[in-house]
Amino acid sequence: MNHGPRADSRAVQHACVIGLGYIGLPTAAMLATSGIRVTGVDINPQVVQWVSNGNSHILEAGLDTLVHAATRSGNLVASPVPVPADAFIIAVPTPLGPNEQADLSSLRHAAEVLVPCLRSGNLVVLESTVPPGTTSGLLRATLEQSPFRVGRDLFVAHCPERVLPGRILSELIQNDRVIGGVTPACAEAARALYSRFTTGAIHLTDATTAEVVKLAENTYRDVNIALANEMARACEVIGVDVGEVIRFANQHPRVSLLQPGPGVGGHCISVDPWFLIQAAPDTTHLLRIARQVNDSQPCMVAAIAQEWLRDIEAPTVALLGIAYKGNVDDMRESPAIAVARHLITAGIEVRAHDPLVRNAPLDLMDARQALAGCDLAVILADHDAFMGLDPDEIGRLMRTRRLLDTRRCIDPRKWETSGFVVKRLGDGRPERKKPAPGASE
Ligand code: SAJ
């Protein structure tokens, strides 16, 4: 097999990172601080302006400092369009489109605009999560609109991002990476670039296998969370506490159950299983069911709240934490939106508070405003900031002292001591405890 030109790590002196989002910006800043000149590209002029000024538009531990250092050193510049470089990394959104099919329009656009910049010997790496066959299909075909042929003049590989929002910078360095090349030489070329900043092992394979590996990782979590959510429902019926069940089951050396919650949000876990279903619709029944279970959690949470508030006329609910999970400011696919929608449809007044989220499709209030006169507080995201909440103070603000903890993150005894009735998802209580004497309920 002719593997084309050989990969040479020293060849990459200038990289162009297309898409300065949750993955692209940290990757660009990391490459720049590893000594490579980087042009970060984004179609959003505000992002280009923001990064050019040395700022991160994403709330992520350590990222502001890294972006500042990268731009100040002169190694990171931002641009609205790609420029010729030795290597290109594509990290653009690949959301779900209509009918649960992948929307690859941003990827198509990114590949098309980099075609005029291509030169012989270039490396193009796709980091975005995509349906199987996209790297060797759509991406390769678009790049070959240039005079160059993949495997002969160009190196093309898929290196799926694996970092956890909230721990992006350390995981970018430490996590193992799977790199799939359109040819083996393509994978080698990408390895040479990633080994500039990765301390984890780099595993080489073909492009489609790497795509399926990424989808398998996130699908594993989706199915596991669906199992935890279904266990929580079963424990409610049986009358035992799912938290204790999971804790003890996980003592088994080969069991690792995840946690129940208000639903699965974020741009990955709730989306990626559909890319597998799209590729193999007749053999992915379990994946569909898991998606249904997780998608129905917000409705479950709203139903529990609604049922609990039946004895109160014109009740008001405060949603605490509307990000898709704890300690992030990210609202994408957040289950909080669906919980709010269900409650509003049921005629319940809904207020929302999140100490981290800046832009939300719900009106946000500060904690005191949101809780004043409320009948139920519902914790939807386990932000660290909520662990320090003072139940006495909150109890004085609320009309009725009820707390529904969908993340099982607070200590119920502390709140019960302050006169709260506390319900945790899957706690299997046959009936809610009566409030402590003297409580305002
Ligand atoms: N969730 C639960 N129960 C749990 C764990 C999570 O209900 O036990 C919920 C969360 O609250 C959230 C959703 O699931 O709404 C997803 O959260 P997550 O922390 O599992 O995942 P993400 O979307 O923040 O990041 C994931 C990570 N994938 C894996 O852990 C396999 C990350 O490594 C990936 O890089 C990222 O997706 C991605 O971009 O694919």
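**Exercise 1. Which helix gives the largest share of the lining of the second largest pocket?**

The model is predicted: local features need pLDDT of at least 70, side-chain atom pairs count only at pLDDT 80 or more, and totals for chains, interfaces and linings use all residues. Residues are numbered from 1 along each chain as its sequence is written, and side-chain values use heavy atoms, with hydrogens and water left out.

Step 1. Lining residues have an atom within 4 Å of a point.

Step 2. Take the volume, the space filled by probe spheres set on the points, which are joined across faces, edges and corners. The second largest pocket has about 1,000 Å³. It is lined by 36 residues, and the closest to its centre are Leu164, Arg221, Ile225, Ile269 and Lys325.

Step 3. Assign the lining to helices (DSSP runs of H or I, at least four residues, numbered from the N terminus). Helix H8 (residues 207-238) supplies the largest share, seven residues.

Step 4. Sort by class: Ala, Val, Leu, Ile, Met, Phe, Trp, Tyr, Cys and Pro are nonpolar; Asp, Glu, Lys and Arg are charged; the others, Gly among them, are polar. The lining has 14 nonpolar, twelve polar and ten charged residues.

**Exercise 2. Describe how H8 packs on H10.**

Step 1. Axes are lines fitted to C-alpha atoms over the stretch in contact, with angles from 0 to 180 degrees between N-to-C directions. The axes of H8 and helix H10 (residues 272-279) come within 8 Å and cross at roughly 120°.

Step 2. Angles under 35 degrees count as roughly parallel, over 145 as roughly antiparallel, 65 to 115 as roughly perpendicular and the rest as oblique. H8 and H10 are therefore oblique to each other.

Step 3. List contacts (heavy atoms within 4.5 Å). On the H8 side they include Val212, Lys214 and Asp222; on the H10 side, Asp272 and Phe275 are among them. The classes are six nonpolar, two polar and three charged.

**Exercise 3. Classify the packing of H4 with H5.**

Step 1. The axes of helix H4 (residues 105-114) and helix H5 (residues 135-143) come within 8 Å and cross at roughly 25°. That makes H4 roughly parallel to H5.

Step 2. The contact of H4 with H5 has six nonpolar, one polar and two charged residues.

**Exercise 4. Classify the packing of H1 with H3.**

Step 1. Helix H1 (residues 24-33) and helix H3 (residues 63-72) pack at about 50°, axes 9 Å apart. That makes H1 oblique to H3.

Step 2. The contact has nine nonpolar, one polar and no charged residues.

Note on methods
1 Å grid on protein atoms, 1.4 Å probe; cavity = no way out; pocket = protein on both sides within 12 Å on 5 of 7 lines; lining within 4 Å. Helix = DSSP H or I, 4+ residues; strand = E, 2+ residues; numbered from the N terminus.
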